[in-house]
Amino acid sequence: MINIIVAVSKNGVIGDKGKLPWNLQLDMARFKQLTMNNVVIFGLNTFNEFKKPLVGRENIVLSTHTQNIDGAKVFDSLNKAVDYAKTTGKEIFICGGESVYKEALSFADRLYVTHVNATFDGDRYFPDIPDKFKCVSSQDISDMGIPTTFCVYERL
């Protein structure tokens, strides 16, 4: 199963100057719970936000420049990373950034989207969710005082 996991604001923002524009504790707990003991794939800039590999997950970083990252495997394309990840027998979670999400939407099976129901300034955006995905479950919550909806989309 190839999954995309993302938090996105009402105006499509997912990042600002290399950081998340919000600090949502329930969203981060959901991210950890879903990705634990699975494979996570990041673009280099997104990976660098974490400062180190995520514990309890197999970390894959996409980079055409970096050869080695302690605690992570590095691939120069998303296709190569996904091909390797499929050999692990674990679920695959694509974790950003913007260009990685755009490419992955063409073949992802499921989207775990946290809709942050507020607008934020930012410089990185998530593309519109294609019509080939349908929300099959959702949960409205308040996360750090911000109305938020957890939604799972599946490919039709």
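**Cysteines and the disulfide**

Modeller: Let us begin with C151, which is buried, at a relative accessible area of 2%. Here buried means under 20% relative accessible area, exposed means over 50%, and partly exposed lies in between, using a 1.4 Å probe and protein chains only. This is a predicted model, in which local features need pLDDT of at least 70 and side-chain atom pairs count only at pLDDT 80 or more, whereas totals for chains, interfaces and linings use all residues. Residues are numbered from 1 along each chain as its sequence is written, and side-chain values use heavy atoms, with hydrogens and water left out.

Colleague: Which residue does a disulfide join to C151?

Modeller: A disulfide is a pair of cysteine sulfur atoms within 2.5 Å. In this model C135 is joined to C151, with an S to S distance of 2.0 Å. A search of the whole structure finds one disulfide. The bond links distant parts of the chain, for C135 is in strand β9 (residues 133-143) and C151 is in strand β10 (residues 146-155), 16 residues apart. Strands (E, at least two residues) and helices (H or I, at least four) are DSSP runs, numbered from the N terminus.

Colleague: What surrounds C135?

Modeller: Contact means heavy atoms within 4.5 Å. Leaving aside residues up to four places away in sequence, C135 touches C151, V152 and Y153. The C-alpha atoms of C135 and Y153 are 4.1 Å apart, although 18 residues separate the two in sequence. C135 is partly exposed, with a relative accessible area of 30%.

Colleague: How should I read a nonpolar core?

Modeller: In soluble globular proteins, nonpolar side chains tend to be buried together. A nonpolar core is a set of buried Ala, Val, Leu, Ile, Met, Phe, Trp, Tyr and Cys residues joined through side-chain atoms within 4.5 Å. The largest one here has 27 residues, of which I4, I41, L78, I94, L111 and F126 touch the most other members. Among the elements that give it two or more residues are β1, β3 (39-43), α3 (78-86) and β10. Apart from it lies another core, of 14 residues, including L34, F47, L54 and C95.

Colleague: Which residues of helix α1 are buried, and where do they lie around the axis?

Modeller: An α-helix has 3.6 residues a turn, so residues three or four places apart point the same way. In α1 (residues 25-35), the buried residues are D27, R30, F31, L34 and T35. They cover an arc of only 110°, taken from the directions from the helix axis to the C-beta atoms, and so are on the same side of α1. This buried side packs against β1, β3, β6, β7, β9 and β10. The face turned away from it carries the exposed residues Q25 and Q33. Just after α1, N37 takes a positive phi of about 65°.
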